[in-house]
Amino acid sequence: MVRLPSGRLRKNLFGGGAVVLLAALNAPAVVSFAEAEYHAYKIARPGYQRTYGSWRIVDVPAEYRVNAIHAALLHTGKVLLIAGSGNDQEKFDSGTFDTILWDPGNDTFKKIPTPEDFFCSGHAQLPDGRLLVAGGTARYEVLDGEVKKAGGTMRVRNENTDKAVTLAKGTVFRSPSGVEYVSAADVTVPRATREFQGSYVGSGRMNPWQSKVTAAEADVFVEAREEGPRGLTTQAARYEILGREGAGEVYGVAQRLTTAKQEFQGIKAAYEFDPRAERYVPVAPMEDARWYPTLVTLEDGRVLAVSGLNEVGDVVPGDNEMYDPATRTWSPGPFRYFPTYPSLFLTQGGRLLYTGSNAGYGAEDRGRTPGLWDLEKNTFTPLGGLSDPDQLETSASVLLPPAQDQKLMVFGGGGVGESPKSTARTSIIDLSRPDPSFRDGPALPQGTRYLSSVLMPDDTVFTSGGSRGYRGRSRSDVLKAQFYDPKTDTFTAAAEPAVGRNYHSEALLLPDGRVATFGSDPLFDDEANTRLGTFEQRIEVYTPPALHRAGADRPVLGEGPRTVDAGARATFRTADAARITTARLMRPSAVTHTTDVEQRSVALGLTKGPDSVTVDVPGDRTLVPPGWYMLFVTDRDGAPSEATWVRVP
């Protein structure tokens with residue numbers, strides 16, 4: 001039976017002379033109103049939803065609305081939304097940091113005490129299901145023309161060979177001319193090293209006079225005590241540390257202390273979020289401060305932290321480090337430079353693929369070429385063929401499903417910094433080929449930065465949101481969504497979201513097969529770019545067409561093991577064995593700034609019995625890193641089950 005439009009809509013569309021007269025006087029307004037009414041009617045129809053899916057805005061109580069900068073799915077099924085100070089200088093100054101835990105099963109929320117400003121931190125899923133969160137904000141940027149006190153990098157030197165030196169935040173450095181500068185953070189300088197260069201003397205001892213001492217160094221940001229030109233300097237000088245004994249061995253050296261723009265600065269803090277206790281647990285801090293770092297989980301469960309802005313606002317020059325969840329400590333990793341938030345994916349064999357996607361800070365001509373990084377040898381093999389290589393900033397990247405195919409895809413992106421450029425380009429690389437290079441895939445509907453990309457249980461990729469312009473300038477949010485199918489190399493349209501998403505937005509797959517979207521931080525709220533934007537705090541959830549078609553008749557997985565070893569088999573009870581066609585292990589997301597290197601979908605071998613299915617988990621740890629996964633089975637009509645959580649230790 002064809003359902004007719006509602007009475008209200010019929011009146012609006014086919015009303016009498018008054019409407020005709022109004023249309024003549026104000027045609028655009030009437031057309032716009034009628035179009036909106038018809039659109040609402042159309043997208044609510046079951047036939048439309050079975051073809052395109054549907055969106056729903058979650059009712060978030062006011063006290064739980066946050067500027068979601070980071071989103072991570074936990075193995076409890078809840079979503080951790082991390083704001084920290086949320087790109088809000090007033091919250092940073094007051095020390096107000098936010099984290100919210102959302103349960104999408106019943107739309108309940110909980111505030112989580114947040115010990116540090118995790119705004120623009122990095123995160124990764126650990127083997128035991130905890131979430132590693134590292135880095136964040138030590139200081140907000142100060143723009144050109146707004147810097148009142150001269151500041152910059154103070155290099156602290158320690159010539160004492162016996163011990164390291166720690167200087168607390170607030171340490172005062174005095175220049176030869178008497179100008180005083182105050183440090184913005186704690187800094188620890190290792191002990192100096194002594195190299196003996198002379199010959200042995202009596203009793204087999206080295207002549208101490210024949211040795212060379214090399215001072216240890218560490219950087220800290222300093223700011224003049226007072227405003228004014230006296231604090232400005234471009235001349236190298238040695239700075240005395242006030243109130244310290246042995247000042248001859250420990251001192252500062254600085255060259256440029258100016259009122260030029262001062263960048264964001266990172267912190268060294270690291271925590272594990274415990275999904276069971278629902279709290280942050282402190283672990284050893286990183287060696288380097290990091291703001292905008294990428295954390296990527298390796299095949300042995302360790303986590304590599306890469307890039308970020310350090311404690312003086314510079315991109316970490318290549319000093320990467322490794323976190324061991326067994327000891328909860330950090331150690332040096334292979335040295336290599338990347339721009340901030342680089343998209344690095346663990347590939348079969350253990351190398352990391354850098355797609356070139358990144359989130360912004362870094363030299364325009366350095367570290368932006370895609371390639372394969374061998375961590376053991378610390379070698380980097382560039383990969384060519386990528387179209388619009390100058391528009392990889394704010395692009396999205398995914399390891400296409402299933403992971404065994406070893407294909408990766410880049411979606412959209414823009415020029416470096418505040419460039420007006422954006423590209424509709426997609427590119428795909430097949431690492432299974434002997435000489436892999438990128439090839440163009442189907443184009444997006446328009447040039448798009450900040451596109452969200454989410455792997456689905458049916459091996460498609462759901463993409464949504466983004467904007468044509470930098471941070472949604474000129475109201476350029478893209479209110480479109482689509483599915484990419486790797487089998488056919490095509491896009492298929494999906495229902496359009498109601499909420500625009502650009503900078504600081506996220507999307508992830510939920511255990512029930514829906515997709516949740518969060519955040520957005522537009523620079524302006526109007527087309528003329530005159531009114532400052534406001535952060536988008538609404539949560540919008542997409543229900544795919546397959547769930548509308550299936551309704552309550554989705555395949556169901558029953559009793560089975562909670563732990564499945566790599567290379568092992570596991571059997572699950574189900575009354576739907578006959579209709580099940582595929583099984584996938586899907587790693588939960590940890591996403592920020594369009595960067596989600598955690599999500600992956602692994603195809604499982606499938607054996608069906610009368611009332612059970614048995615899955616075979618690949619034994620290759622580079623395909624299945626240790627951790628918790630969502631196990632989905634899908635039927636012949638493409639309908640997925642709800643996820644069963646299993647751990648691969």
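**Exercise 1. Work out how the lining of the second largest pocket divides by class, and where that lining comes from.**

Step 1. By class, the lining holds 16 nonpolar, eight polar and twelve charged residues, where Ala, Val, Leu, Ile, Met, Phe, Trp, Tyr, Cys and Pro count as nonpolar, Asp, Glu, Lys and Arg as charged, and the others, Gly among them, as polar. The model is predicted, with local features needing pLDDT of at least 70 and side-chain atom pairs pLDDT 80 or more, while totals for chains, interfaces and linings use all residues. Residues are numbered from 1 along each chain as its sequence is written, and side-chain values use heavy atoms, with hydrogens and water left out.

Step 2. A pocket is defined on a 1 Å grid over the protein atoms alone, as an open set of points where a 1.4 Å probe fits, with protein on both sides within 12 Å along at least five of seven lines, and its lining residues have an atom within 4 Å of a point. The second largest pocket contains about 770 Å³ of space, a volume being the space filled by probe spheres set on the points, which are joined across faces, edges and corners.

Step 3. Of its 36 lining residues, Ala185, Asp186, Ile267, Lys268 and Ala289 are the closest to the centre. The elements giving two or more residues to this lining include β12 (180-183) and β16 (216-224), strands being DSSP runs (E, at least two residues) numbered from the N terminus.

**Exercise 2. Describe the largest pocket in the same terms.**

Step 1. About 1,100 Å³ of space lies in the largest pocket.

Step 2. Its lining has 41 residues, with Asn87, Glu141, Tyr470, Arg471 and Leu523 nearest the centre, and divides into 17 nonpolar, 13 polar and eleven charged.

**Exercise 3. Trace the aromatic pairs of Tyr542 with Trp55 and Phe483.**

Step 1. Rings of Phe, Tyr and Trp (its six-membered ring) pair if their centres lie within 6.5 Å, and planes under 30 degrees apart count as stacked, over 60 as edge-to-face and the rest as tilted. Trp55 and Tyr542 form a tilted pair, 5.0 Å centre to centre with 50° between the planes.

Step 2. Trp55 lies in strand β1 (residues 54-58) and Tyr542 in strand β40 (residues 539-543), 487 residues apart; both are buried, meaning under 20% relative accessible area with a 1.4 Å probe, protein chains only.

Step 3. The ring centres of Phe483 and Tyr542 are 6.1 Å apart and the planes stand at 50°, so this pair is tilted. Because Phe483 lies in strand β36 (residues 481-485) and Tyr542 in strand β40, the pair ties together parts 59 residues apart in sequence.

Methods:
Helices (H or I, at least four residues) and strands (E, at least two) are DSSP runs, numbered from the N terminus. Buried means under 20% relative accessible area, exposed over 50%, partly exposed in between (1.4 Å probe, protein chains only).
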